[in-house]
Amino acid sequence: MQYDVITLFPGIIEDYCSYSIMKRGVESGIISVNTVNPRDFTHDKHRRVDDTPYGGSSGMVLMAPPVFEAYESIEKLDNSEFIMLTPQGEPYNQKIAKELSSKSQLILLCGRYEGFDERIRLGLHPREISLGDYVLTGGELGALCIMDSVSRHLDGFLNKEESSLNDSFSEELEGRLEHPQYTKPQEYRGMKVPEVLLNGNHAEIAKFRHEQQILRTKIRRPDLME
């Protein structure tokens, strides 16, 4: 998977990808991460990428020309997807993460300020995705969330392939939340590991975990039970 991130703050993306599993994915060649700064495609001495909106309003708007040129500078692979991070987009979920993992390239456009010149949408036709019903200062966090969640579905990215299969919201769990997990010690501050997890009976353990998935989902996310 190749990630090309169009951002005014490439350091945010590059820094996150230099840690933990993302770093290991880059070093193993399972993923590659490239950043493209629209400021490098400006044509004035101030390298300006934003301006006041026509019609009047508070804040500044990302201009179309630098974004168009930044996008056009990226070499497109077959089976590529161009994504705009915006609160106006379709809500992101595990199903979309799994879908995007079948792509060979994701181009992610991160917004800033008060939003995008509408001609970016009209001219480049990105798929618009939102992390939820709230607004962030920029799209970098959203891009990183997509990169992280999509990468988990790539072959070899995780040490154990079944790790992603047991994630909350996964198809294997049929949309349920993951069951509770325990590790050593067996008792801590009066709280004990359930006995069923200690007896080595895999059928009983599976049954217990399945029941806990349903119970946890019913209590915490009843909307998923529908």
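About 40 Å³ of space lies in the largest cavity. A cavity is, on a 1 Å grid over the protein atoms alone, a set of points where a 1.4 Å probe fits but cannot get out; grid points are joined across faces, edges and corners, and a volume is the space filled by probe spheres set on the points. A search of the whole structure finds one cavity of 30 Å³ or more.

The model is predicted: local features need pLDDT of at least 70 and side-chain atom pairs count only at pLDDT 80 or more, whereas totals for chains, interfaces and linings use all residues. Residues are numbered from 1 along each chain as its sequence is written, and side-chain values use heavy atoms, with hydrogens and water left out.

The lining of the largest cavity consists of I6, T7, L8, P38, L62, V67, L109, C110, G111 and R112, where a lining residue has an atom within 4 Å of a point. By class, seven of these residues are nonpolar, two polar and one charged. Here Ala, Val, Leu, Ile, Met, Phe, Trp, Tyr, Cys and Pro count as nonpolar, Asp, Glu, Lys and Arg as charged, and the others, Gly among them, as polar.

The lining residue V67 also belongs to the buried set of helix α3 (residues 64-72), together with A64, P66, A70 and Y71. Buried means under 20% relative accessible area, exposed over 50%, and partly exposed in between (1.4 Å probe, protein chains only). Helices (H or I, at least four residues) and strands (E, at least two) are DSSP runs, numbered from the N terminus. The buried residues of α3 pack against the strands β1 (2-6), β2 (32-36), β4 (61-62), β5 (80-91) and β6 (105-110), and against helix α5 (118-124). Contact means heavy atoms within 4.5 Å.

Y71 of α3 is buried, and the charged end of K76 sits over the ring of Y71, 4.2 Å from its centre. Such a placement requires NZ of Lys or CZ of Arg within 6 Å of the ring centre and within 35 degrees of the ring normal.

Of the 226 residues in the chain, 39% are buried. Among contacts in the chain with a separation of 6 or more, 73% join residues 24 or more positions apart. The C-alpha atoms fill a box of roughly 70 × 40 × 35 Å, taken along the principal axes.

Key: On a 1 Å grid over the protein atoms alone, a cavity is a set of points where a 1.4 Å probe fits but cannot get out, and a pocket is an open set with protein on both sides within 12 Å along at least five of seven lines; lining residues have an atom within 4 Å of a point.
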